Amino acid sequence: VFIHLFSPLMYRWVARNSFRQLNWMVWGADLYNLPGIKTDFYDPITKQQYSSRRKPLGEWLYLLKVWMTNSRFKEEAYAKVDNVLTWMTTEYAFAKSNIPSLRAEHKFFFYENHIPYQKLDERSVETKIVNKKIPLIMVGNSGYPTNNHLDAIAYMEEHSIKADLLIPVSYGDKKYISLLKRRLASYKNGT
C-alpha cells in the first residue's frame, strides 16, 4: 500500500488494517504541519505579517476532529510504516526525529515528469527560459505561508535582484493568498 498525504485522519484506518508492506510517500504538509510538531517555518516578514494571527475556526475544528477520532491511533499507525519514500534524506531524518514510533526505512523516490529530468535543461535552453537576460524565478509552490513568499521577494529587492516572478497560488490558505496579493501589489507600486 502506498499512502500519499498521510493525514492524521488516516491513523485509525492504518492502525486497524494489515498490510504486506506500507509505504508513505511524503507530500509535505503530512509531515511538516502535523499537530504536535513545533517547528517554526516562518521567516521574519511572514512571521510578523501572518503567522501570529489566530487560527481560523476550520483549523480548530479539524484539530478537534483529529483529537476525538484518530489521535489515539497515531503511534500504532506510524509503527506500521515500512518505508518513507522521498528523495531527501533530510526529510526522512526530520520524520524519524519528530515521530518516535516511526521505525520505517528510507527509500529514494521522486515523481518523474513526462519529460525526463535530464532533458529539462535542454528543453529550457531551446525555449530560452534559462538564457533570458532577466531570469524567471518561481517562489513557492502554493498559497501557504510556509513558502515565505514575502521574505523571498524582500530579499530579492534588498539585493537588487531583477527577475520575472512566478508565484503559484492555485491552492492554499485563502486569507494568506489575499494578504500576499495585497502585499505584492504594494511592491509593484513601490510601497
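Guide: One term before we start: a residue counts as buried when its relative accessible area is under 20%, and as exposed when that value is over 50%. Also keep in mind that this is a predicted model.
Visitor: Okay, so is Y11 buried or exposed?
Guide: Y11 is buried, because its relative accessible area is 3%.
Visitor: And F6, buried or exposed?
Guide: F6 is buried too, with a relative accessible area of 1%.
Visitor: How many aromatic pairs does the structure hold?
Guide: There are 11 aromatic pairs in the structure.
Visitor: How do you describe a pair like that?
Guide: You give the distance between the ring centres and the angle between the ring planes.
Visitor: Then how are the rings of F6 and Y11 placed?
Guide: Their centres are 6.0 Å apart and their planes sit at 80°, so we call this pair edge-to-face.
Visitor: What about the rings of W24 and Y78?
Guide: For those, the centres are 5.6 Å apart and the planes are at 45°, so the pair is tilted. It connects distant parts of the chain: W24 belongs to strand β2 and Y78 to helix α5 (residues 74–79), 54 residues apart.
Visitor: Are W24 and Y78 buried or exposed?
Guide: Both W24 and Y78 are buried. Ring pairs also tie F6, Y11, W24 and Y78 together into a cluster.
Visitor: You mentioned a strand. Which order do the strands of the sheet have?
Guide: It's an open sheet of 4 strands, ordered β1-β2-β3-β4, and the pairing is parallel.
Visitor: Which strands stand at the edges?
Guide: Those are β1 (2–4) and β4 (105–107). Each has a single partner strand, so one side of each lacks a neighbour in the sheet.
Visitor: How much are neighbouring strands turned against each other?
Guide: By 25° on average, ignoring direction.
Visitor: Back to W24: what's its bridge partner in β3?
Guide: That's V84. Strand β2 (residues 23–25) and strand β3 (residues 83–85) run parallel and are joined by 3 bridges.
Visitor: Where is M68?
Guide: M68 lies in helix α4 (residues 57–69).
Visitor: And why does M68 count as exposed?
Guide: Because its relative accessible area is 56%, and the cut-off for exposed is over 50%.

How values were computed: Residues are numbered from 1 along each chain as its sequence is written. This is a predicted model: local features need pLDDT of at least 70, side-chain atom pairs count only at pLDDT 80 or more; totals for chains, interfaces and linings use all residues. Side-chain values use heavy atoms; hydrogens and water are left out. Two strands pair if DSSP finds at least two bridges between them. Helices (H or I, at least four residues) and strands (E, at least two) are DSSP runs, numbered from the N terminus. Axes are lines fitted to C-alpha atoms, for helices over the stretch in contact, and angles run from 0 to 180 degrees between N-to-C directions. Rings of Phe, Tyr and Trp (its six-membered ring) pair if their centres lie within 6.5 Å; planes under 30 degrees apart count as stacked, over 60 as edge-to-face and the rest as tilted. Buried means under 20% relative accessible area, exposed over 50%, partly exposed in between (1.4 Å probe, protein chains only).
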